[in-house]
Amino acid sequence: MDSPAGAAPFVYVTNSVSNTVSVIDTATNTVVATIPAGVEPAGVAVTPDGKHAYLANQGTLSVPGTTVLVIDMTTNTVVATVGVGNFPSGVAITPGGTHVYVVNGFSNNVSVIDTASNTVVGTPIPVGKFPQSVALTPDGTHGFVVNEFSNNVSVIDTASNTMVGIPIPVGNFPIGVAITPNGTHGYVTNFDDNNVSVID
């Protein structure tokens, strides 16, 4: 699964089959760089200051990845590797750019990376079965984690890095999640149902 992230005037797109990241210049819509990126890279997110991109090195089902790569967007090179859980996929960065939330599919949890030190802080946050993606509210106070095999969404309080309440039921085999700019609704894609659940 390919995933884009943008920081004008560039977009970073993961290419899981070729194990690379393509850098697209949005002014010309052309690829200006290709970065080697581990094995089957998945989610990617860019810090608000546009200096770094964080990339989940998902790996394969037989040999799951366990790292997040940090890309310097000035040089388009990998400058750090952060150890996380098994089979990381979705990545989200807080509005202030201080922390990165990474879902680990095989570990059924979420790792939190401190961007100042590029190290994992605290203990992984338990969520549902096979988390696939994560989105943060615009104010950064909550994270919504889609759990594919649980058919629900876990909500994380980012102040305490703990789950809030019980997971929210959605459709079958949910994959993606997005939060509206005003933070009032979340939209979750349900692969097996061919529909979208809307969360208040």
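This report walks through some strands, sheets, aromatic rings and backbone angles of the structure above.

## Before you start

What you're looking at is a predicted model, where local features need pLDDT of at least 70 and side-chain atom pairs count only at pLDDT 80 or more, while totals for chains, interfaces and linings use all residues. Residues are numbered from 1 along each chain as its sequence is written, and side-chain values use heavy atoms, with hydrogens and water left out.

Strands here are DSSP runs (E, at least two residues) and are numbered from the N terminus; helices would be H or I runs of at least four residues. Two strands pair if DSSP finds at least two bridges between them.

Let's begin with β3, residues 20–25. This strand is mostly covered, with 5 of its 6 residues buried. Buried means under 20% relative accessible area, exposed means over 50%, and partly exposed is in between, using a 1.4 Å probe and protein chains only.

Strand β2 (residues 10–15) runs antiparallel to β3, and 6 bridges join the two. Within that pairing, Y12 has V23 of β3 as its bridge partner. β3 also pairs with strand β4 (residues 30–36), again in the antiparallel sense and over 6 bridges. Here D25 stands opposite T30 in β4.

In the hairpin of β3 and β4, with 4 residues between the strands, N29 takes a positive phi near 55 degrees.

## A four-stranded sheet

Further along you'll find an open sheet of 4 strands, in the order β5-β6-β7-β8 and with antiparallel pairing. Its edge strands are β5 (41–46) and β8 (77–83), each of which pairs on one side only. From one strand to the next, the twist averages 25 degrees. For angles like this, axes are lines fitted to C-alpha atoms (for helices, over the stretch in contact), and angles run from 0 to 180 degrees between N-to-C directions.

Zoom in on β5 and you'll see that 4 bridges join it to the antiparallel strand β6 (residues 52–59). V44 has L55 in β6 as its bridge partner.

β19 and β20 pair in the antiparallel sense over 4 bridges, and A178 stands opposite Y187 in β20.

V198 sits in strand β21 (residues 195–199).

## Aromatic rings

A search of the whole structure finds 6 aromatic pairs. Rings of Phe, Tyr and Trp (its six-membered ring) pair if their centres lie within 6.5 Å; planes under 30 degrees apart count as stacked, over 60 as edge-to-face and the rest as tilted. One of the pairs is F87 with F106, which is stacked at 4.6 Å centre to centre, with 10 degrees between the planes. F87 lies in the loop between β8 and β9 (88–93) and F106 in the loop between β10 (99–104) and β11 (109–114), so the pair ties together parts that are 19 residues apart in sequence. F87 counts as buried at 6% relative accessibility, and F106 as partly exposed at 36%.

The rings of F173 and F191 have centres 5.8 Å apart and planes at 65 degrees, so this pair is edge-to-face. At 26% relative accessibility F173 counts as partly exposed, whereas F191, at 54%, counts as exposed. Ring pairs link F87, F106, F130, F149, F173 and F191 into a cluster.

## Positive phi in two loops

Most residues other than glycine have a negative phi. F173 has a positive one, near 55 degrees, and is found in the loop between β18 and β19. N118 also has a positive phi, near 50 degrees. Its place is in the loop between β11 and β12 (119–120), and N118 is partly exposed, with a relative accessible area of 21%.
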